[in-house]
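Hi there,

Here is the structure I promised to pass along. Have a look, and my notes follow just below.

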Amino acid sequence: MTTKYGSAQEIDQRLQKLGRQGRLGGKLLGIGLLMVFGTAILYSVLVMLATDLLESFGAMFFVPVPVGFLMIIIGAVITSKTGRERSQIQDAYIPIALDQAMDRVDQFWGATLDERYFKEELGLPMFDECSQSSYLKGVLRGIPLEMSCFVLKKETTKDDDNQPNYEIAFSGLMIVCRHTMELKEEGFAFTQFTRFLGGMKTESEAFNKAFSIYAEGGLDVFRLLTPQYMEHLVSLPEAREKELGVRLCQDGTLLIVLEHRRIIVDNDDITTGSGMVEYMADHIRGIADTIDSLELPIQREA
Amino acid sequence: MFFFTFDLFTLLIGGAIVLAVLWVISTINGFKRREIKIEEALSGIEVALTKRYDMLTKLLDTAKGFMEHESDLFSRVIALRHGMSVGEMGKADREMSELTGRLFAVAENYPELRSSEVFLELQRGIRDAEEHLQAARRLYNANVSSYNIAIAMFPAKLLAKGHSPKEFYDADDEKRGDVKMQF
């Protein structure tokens, strides 16, 4: 695999070097923090207990603190630099990883999901700003879909320049595809991100506890949520971690939200280009596994 | 001082009365809303039963041409009319289930019928209708459960005079009985 950063061998060597530098930066950061805070704690204890010792050795405490701060700064700079370079190398490998994991890639980056999807009744929090990243459109294991990582932010305060400050209300991955159910009523959703006031209840207490259902009618809900299917949903790892939201819209759109999930991930312990590609591809296949495990009525390519 | 205390007391009493009135209105409306949902769900069962009935009628008509000797299958009369009670619907549901089961069992002896496109299409249609009916039953029972709980819980039950618990829809699958295969 040759990219703009050189041949595979050159990149592997570069990654290994970055790995070593990253570990060094991390160690410097850690030791620096230990020196600064350890000195501060020790100083405080001596102030409380033994003033005579402090008089003899007090000056020595002023050595580790600046050294510690220096190590923190150097460690942070090294970690940041290696992280940036590693990220650039990873960007070059993303198309390769996507080609491996997906049946077809129509678009990566350069677009975003329609923001109205985030305002659908999925139990997502109200937000003032929605930022998306890693937009991907294509076919994954026979399913034509679009997906994007997103972060919903709420405005908290305004600073002195009247610029808004935001806090993160929610982050995750939204997958948009098509379902095959013919809905007789308006769409419905079952989600773990909120409890709908007056939400529908099923016969399964475990399901009612794990999920909240939003539906205008109810017939379509019971057509999909059979007792066996509810039992299956409740047993999923995503359901146990309360990270799942699903909405079936009347126009045939299916929205799946997985909290805290990302499309592109990295592992600093990987020091080869091929390992990086495999790791990313495996993660995307993991998203496909999750979609399959939901056993939703999803439209697939013929 | 006395007048200040009197005003505060009046305000508190007034506030409590307003809250109580709002609670009464909300509770009574809640009962009514649930009753309407039950009626809607019952109507949904009626629609599903009618759909199944229509499919079964078409299936019987198709099968008649092949199974002329199975007269007892075609002589069954199942009553289905608009505005049936829950019990009557349950009875019609059970009768249709029994007839469908017997028809499919007897159809096993007629390979020409079983492989005909029309029969297969109608068989799929009946399965779809049964799924629809199953969902409609569960929706109705969920709404009935919600209503029955609402009128039984304190203090709402103080306002529930004149509201009696609704009957659940009982398809009672056990009473379908075994389908005897005749060879």
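Seven residues of chain A contact nine residues of chain B, a contact being two C-beta atoms, placed from the backbone, within 7 Å. On the chain A side, these residues comprise two nonpolar, two polar and three charged. The predictor gives the complex an ipTM of 0.76 and a pTM of 0.80.

This is a predicted model, where local features need pLDDT of at least 70, side-chain atom pairs count only at pLDDT 80 or more, and totals for chains, interfaces and linings use all residues. Residues are numbered from 1 along each chain as its sequence is written, with chains lettered from A and ligands numbered from 1 in the order in which they are written.

In chain B, helix α3 (residues 86–107) has 22 residues and spans 31 Å from first C-alpha to last, close to the 32 Å expected at 1.5 Å a residue (1.5 Å times one less than the number of residues). Helices here are DSSP runs of H or I with at least four residues, and strands are runs of E with at least two. Among the buried residues of α3(B) are M89(B), D93(B), M96(B) and L103(B); buried means 20 or more other C-beta atoms within 10 Å of a residue's own.

In chain A, none of the five residues of strand β1 (residues 104–108) is buried, so β1(A) lies largely in the open. Four bridges join β1(A) to strand β2 (residues 129–140) in an antiparallel arrangement, and R104(A) has V139(A) as its bridge partner.

Best wishes

Terms used:
Nonpolar A, V, L, I, M, F, W, Y, C, P; charged D, E, K, R; others polar. Buried ≥ 20, exposed ≤ 12 C-beta atoms within 10 Å, placed from the backbone. Pairing = 2+ DSSP bridges.
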